[in-house]
Amino acid sequence: MEVSSEILLNAIWETLYMVSIGLFFGAILGFILGIILVVTRKGHILENKWVFGIVNPIVNIFRSIPFIILLVAIIPFTRLLVGTAIGTTAAIVPLVLHIGPYISRLVENSLLEVDGGIVEAAKAMGATPFQVIRKFLIPEAFPSLILSVTTATIGLIGATAMAGAVGGGGLGDVAITYGYQRFDDMTILVTVILLVVFVQLIQMIGNKLERHFRHIS
Amino acid sequence: MIEFIETTKDYHIHNQVIRALDHVNLKINKGDIFGVIGFSGAGKSTLIRTVNLLEVPTEGKVLVDGKDLTQLSKKELRKEKKKIGMIFQHFNLLQSKTVFDNVAMPLSLAGVKKEEIKSRVNEVLEFVGLEEKTNVYINQLSGGQKQRVGIARALITNPKILLCDEATSALDPQTTKSILNLLKRVNIEYGITILIITHEMGVIHEICNRVAVMEKGRIVETGSVLDIFSDPKTQTTKNFVQSVVRDEIPDSIFEQLEQANPNERIFKLKFIGVDVGQPVVSEVAKKFNVDISVLFGNITELQQVPFGNLIIEMIGDSAETDKAVQYIKNRNVQIEEVIADGSEFRDPSKRDLGNLIYG
């Protein structure tokens, strides 16, 4: 293996950095959009066909753009936001715009799984729309939301591999530039093993948390 | 306490208008346990939901304690909703929370202090008999226990009205009975007016004092439970009553009638109230020259008033039998002769319908 352990460690750090910051902002964006998609739909607590009619297609558009295209297509926007269009931090902007809408669909699904009777009971108690979301929908969907975030995190790790296209670095970038382009099979193997370990760990933690919060004897 | 005035509700589904409530007029008095019975699709679910505005009427209005809730501001409406508790067929409890947190929810939404919530929750949990389950998650409870939690949650805000939406339909008969007893206690001990919707006449029979029968979005019959059971007017009501009080004439009796004999006549007697205690039958046998055999009989209680049916055969001279019948009539017992044909119960199609309805 031609890659020094320093490069590898640095790549691990870059991946963790992109995934954690990307997930943080992506989750905020995703939860907001996901909740809007649920509560503004027909028959729900804040039914509003205009808001739903705007948010829904926007989410679809972002979901349908391949990440590698998104990465370069929004370069001007990225520059506006973080001052540069290359580097690890710059890669986070497209990562958030990629994973946010994805998380919003997962959140939407999780919240829609909550029995309509729960919302009805909340309304009968005189809960405000905010209380319905905060005290009924999210707690009831919580185990399912954990699994959603787990799935999104793993998707995000996949996406960071492409961040190399804008100089984002990370494990994927090491595998391509050192492993693939220089025919160093060992580097590819090591980076792939590292990614597999990452994914396994995250899925395991997600499952454990989900079980902890799902109160089934 | 609750008054429906020309309450109408239309749904628009695929450009079609479906009328779920059709100019309903109904008054529920303070302290009533009022039952609304109907088959599924009769509109009773919609009706109960207009009381706390889970459904907003298209036309007409609903007055709760004299107030039209649709006229209130959002804040006032939330305050009024605290006075209306509701329990559901499928309980609608939060799986993610313990019994305590579920029951405490209406108070914590209102921002009541923790200490006060705690004492109130303990009080209502004791009332419903679940004080030992305080910190248990909902999944670990049986259906009956879940409904008790539902009742505790509804009572926690000290409501004036309790709405019960098919509250016992998902429970077995034994559990149903215990929940109905609990609701009776809610009515008596807290003086809460209860509105129950159900498709089970047994529920009405067990605890209601007044009843309305719904069909196709309309109220087809309403009155005291005793009146409705003793003298149902519409076929729907008759079918419901027969699901509890079996007064149809058994087939074997019709077989007897086939071999008609003018000296053997069959009568159906209906006793309401004190008359049940009267030894009418034996008196008749002594006073008149007729032999009487009892072919079929049952007795039940409605609002502590006994209510019974008896089918007897009188054997003897026809003129003497007529006298006996007159005597029974004078004792305020309803009596009618069962004739071989012309009885609605003989119509096989109707009997099939009956079987279908009673399951």
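This is a predicted model: local features need pLDDT of at least 70, side-chain atom pairs count only at pLDDT 80 or more; totals for chains, interfaces and linings use all residues.
1. The expected span of a helix is 1.5 Å times one less than its number of residues; helices (H or I, at least four residues) and strands (E, at least two) are DSSP runs numbered from the N terminus. A straight helix of 32 residues would therefore span 46 Å, yet helix 7 of chain A (residues 129–160) spans only 37 Å between its end C-alpha atoms.

2. Residues are numbered from 1 along each chain as its sequence is written, chains are lettered from A and ligands numbered from 1 in the order in which they are written, and side-chain values use heavy atoms, with hydrogens and water left out.

3. Helix 7 of chain A bends by about 65° at A:Phe142, the bend being the angle between axes fitted to the seven residues ending there and the seven starting there. A proline, A:Pro143, follows within four residues.

4. Rings of Phe, Tyr and Trp (its six-membered ring) pair if their centres lie within 6.5 Å; planes under 30 degrees apart count as stacked, over 60 as edge-to-face and the rest as tilted. The count over all chains is 6 aromatic pairs. In one of them, A:Phe142 and A:Phe213 have ring centres 5.0 Å apart and planes at 85°, so the pair is edge-to-face. The pair links distant parts of the chain, since A:Phe142 lies in helix 7 of chain A and A:Phe213 in helix 9 of chain A (residues 185–213), 71 residues apart.

5. Buried means under 20% relative accessible area, exposed over 50%, and partly exposed in between (1.4 Å probe, protein chains only). A:Phe142, at 34%, is partly exposed, and A:Phe213 is partly exposed at 31%. Of the 217 residues in chain A, 46% are buried.

6. Chain A has 9 helices and 0 strands. Its C-alpha trace spans about 65 × 45 × 25 Å along the principal axes.

7. In chain B, 5 of the 5 residues of strand 6 (residues 84–88) are buried, so this strand is largely enclosed by the rest of the structure. B:Ile84, B:Met86 and B:Phe88 point one way from the strand, and B:Gly85 and B:Ile87 the other way.

8. Strand 6 of chain B runs parallel to strand 7 of chain B (residues 161–165), joined by 5 bridges; two strands pair if DSSP finds at least two bridges between them. B:Phe88 stands opposite B:Asp165 in strand 7 of chain B.
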